[in-house]
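Hi,

Here is the structure I promised to pass on to you. Have a look at it first, and then read my notes below with the model open beside them.

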Amino acid sequence: MAAGLPMQVVGLCFWLVLSLVGCSAEVSTAAVAAAPAPAPGGSCEAVLVDARAAVAETDEAFVCATLDWWPPEKCDYGTCAWGLAGLLNLDLSSKILLNAVKAFSPIKLRLGGSLQDFLVYGTGSTGEPCLPFTKNTSAMFGFTRGCLPMHRWDELNAFFHKSGAQIIFGLNALNGRVPMPDGSLGGPWDYTNADSFIRYTVEKGYHMYGWELGNELGGTGVGARIDADQYSADVITLNQIVGKAYQGSKPLVIAPGSFFDAAWFTEFVGKTKPNQVDVITHHIYNLGPGVDTHLIDKILDPSYLDGEASTFSSLQGILKSAGTSAVAWVGEAGGAYNSGHHLVTDAFVFSFWFLDQLGMSAKYDTKSYCRQTLVGGNYGLLNTTTFEPNPDYYSALLWHRLMGTKVLSTTFNGTNKIRAYTHCARDSEGITLLLINLSGNSTNHIYVTSEGAHEDMHPYSSKEHRSFRRIPKLSEAAKLTREEYHLTPKDGNLQSQHMLLNGNVLATDANGGIPKLEPVQVEGTQPITVGPYSIVFAHIPSFYAAACRKIV
């Protein structure tokens, strides 16, 4: 007799079973209408998405990457991983490099790093010859002061214009400083060279998205530090310089590009409010040094990944309570400092860390996240020599194309080895769900459940309408398909530098073109299957969420 029951009734019965065993009552009726029961001994797993209102919102170009100034002689732990990837040497004629940047349309590129505070600009304002960085082991960071020739700045801007990138330039904040008794550097910023450089840039018509002052000089600093009172005064000066140089709309003023220090950041934000600085940037290298042999263990440890949430939460709280218009960005994040670790921070396994960071930071209202690096070191999105994309490049591109700006509260009721993040879909209906499986032993079958979805227009229930006035017919439910993008490492090797999308290796074509990122179509009646050590983006267009409604 059971075999002859209408599928609608079977679906309702299955929904009741899910409720009894602990799954949320908000399971999509479309999903359960013909869904198989969990495997014997398996658990009922569901992702609960609150569709009523966004908890945060990112910039349209949330994904950002960095370009650094390191010369080829930059070495860490006996390995020289930078090659010609520094801004003074980068091969701007590479087709792959151009295509990789253009594929985002746009991506933010932050130009900076440790040597930016030792870089002068060859505008003629210094009266000195414009010479490159040279190795000097007695100097801070191991190099002498270097210079950016204006012909190279012209070349870089030609590339930026062609690629459509949004450029943030990190200015030298150490000019004019003097040592202080407490070990910090004091005295007002000597902005003469920076001012001439900004004016040159304006006169040439080069579009800048933002000007950032200094690199890792806040808090306890890295190599050098400046107290918050002086730094805030210098940023106010930069804001005035930018305001005078630009007619009409002006680029963002950004600072301090430092590791988060609650007391220092609180003072800095307080002294630059309400509108002297547009963006507050902080850096993340929470995995420790690149030489650490336990990097993969940390990446696969949910508790370790959760540790960074306190930084995002604290900065969000400081900005909210200060009454400032400034927003938060992650200005540089490479995970493992000193150039990363080959076959970890440039391999598939690092996408677990990277995508989790994107999801977590967005949840705390971070507007943009700059990955160290686009190219250079052992943590580049692109290979330092060939520019062939590493796995994280494709992870970043999928995020950019699938995850919209509005962030939805997401809860997973199963193992902590599954990381789940949901955004309104980008340029499409519905939502996009990101699922990361940190376990190498389990395959998870996950249902998407809803809170606050509109039952009458789409087959998702809500707490306000538990009576299920409308259960979709099987023929209707079968039409509710979704798009899935399953990412796995080649040959199952977490340290592979080749990523598979739905079983196919991703690689550029003979002309340096970025491959198409094609999904598989899956019936909405089926759970999302997340294999061991895999990542899934699931675009669910039939998921109607009030938070995602587009205002016309």
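This is a predicted model: local features need pLDDT of at least 70, side-chain atom pairs count only at pLDDT 80 or more; totals for chains, interfaces and linings use all residues.

Helix 5 covers residues 192-203 and helix 6 covers residues 228-245; their axes are 10 Å apart and they pack at an angle of about 30 degrees. Angles under 35 degrees count as roughly parallel, and helix 5 and helix 6 are therefore described as roughly parallel to each other. Their crossing is right-handed. Which residues meet there? From helix 5 come Asp 195, Ile 198, Arg 199 and Val 202, and from helix 6 come Leu 238, Ile 241, Val 242, Lys 244 and Ala 245. Sorted by type, the residues of this contact are 6 nonpolar and 3 charged, with no polar ones.

Next, two prolines to find in the viewer. The peptide bond from Ser 105 to Pro 106 is cis, with omega near 5 degrees. Pro 106 sits in the loop between helix 3 (95-102) and strand 4 (108-111). Another cis peptide bond joins Ala 255 to Pro 256, where omega is about 0 degrees. Pro 256 belongs to strand 11, residues 252-259.

You will find Phe 387 in the loop between strand 16 (366-371) and helix 12 (391-402). Is Asp 491 buried or exposed? With a relative accessibility of 73%, Asp 491 counts as exposed, whereas Phe 387 is buried, with a relative accessible area of 7%.

Finally, please look at Ser 534, in the loop between strand 26 (528-530) and strand 27 (535-540). Ser 534 has a relative accessibility of 3%, so it counts as buried. What is Ser 534 in contact with, leaving aside its neighbours within four places in sequence? The contacts are Phe 352, Leu 435, Ile 436, Asn 437, Leu 487 and Thr 488. Ser 439 is 95 residues away along the chain, yet its C-alpha atom and that of Ser 534 are separated by 8.5 Å. A polar atom of the Ser 534 side chain also lies 2.7 Å from the backbone oxygen of Gly 531.

Enjoy exploring, and write back whenever you like.

Best wishes

Conventions. Residues are numbered from 1 along each chain as its sequence is written. Side-chain values use heavy atoms; hydrogens and water are left out. Axes are lines fitted to C-alpha atoms, for helices over the stretch in contact, and angles run from 0 to 180 degrees between N-to-C directions. Helices (H or I, at least four residues) and strands (E, at least two) are DSSP runs, numbered from the N terminus. Angles under 35 degrees count as roughly parallel, over 145 as roughly antiparallel, 65 to 115 as roughly perpendicular and the rest as oblique. A crossing is left-handed if the near helix is turned anticlockwise from the far one by less than a right angle, and right-handed if clockwise. Contact means heavy atoms within 4.5 Å. Ala, Val, Leu, Ile, Met, Phe, Trp, Tyr, Cys and Pro count as nonpolar, Asp, Glu, Lys and Arg as charged, and the others, Gly among them, as polar. Buried means under 20% relative accessible area, exposed over 50%, partly exposed in between (1.4 Å probe, protein chains only). A polar contact is a pair of N or O atoms within 3.5 Å; within protein, one must be able to donate a hydrogen and the other to accept it, and residues adjacent in sequence count only if both atoms are side-chain atoms.
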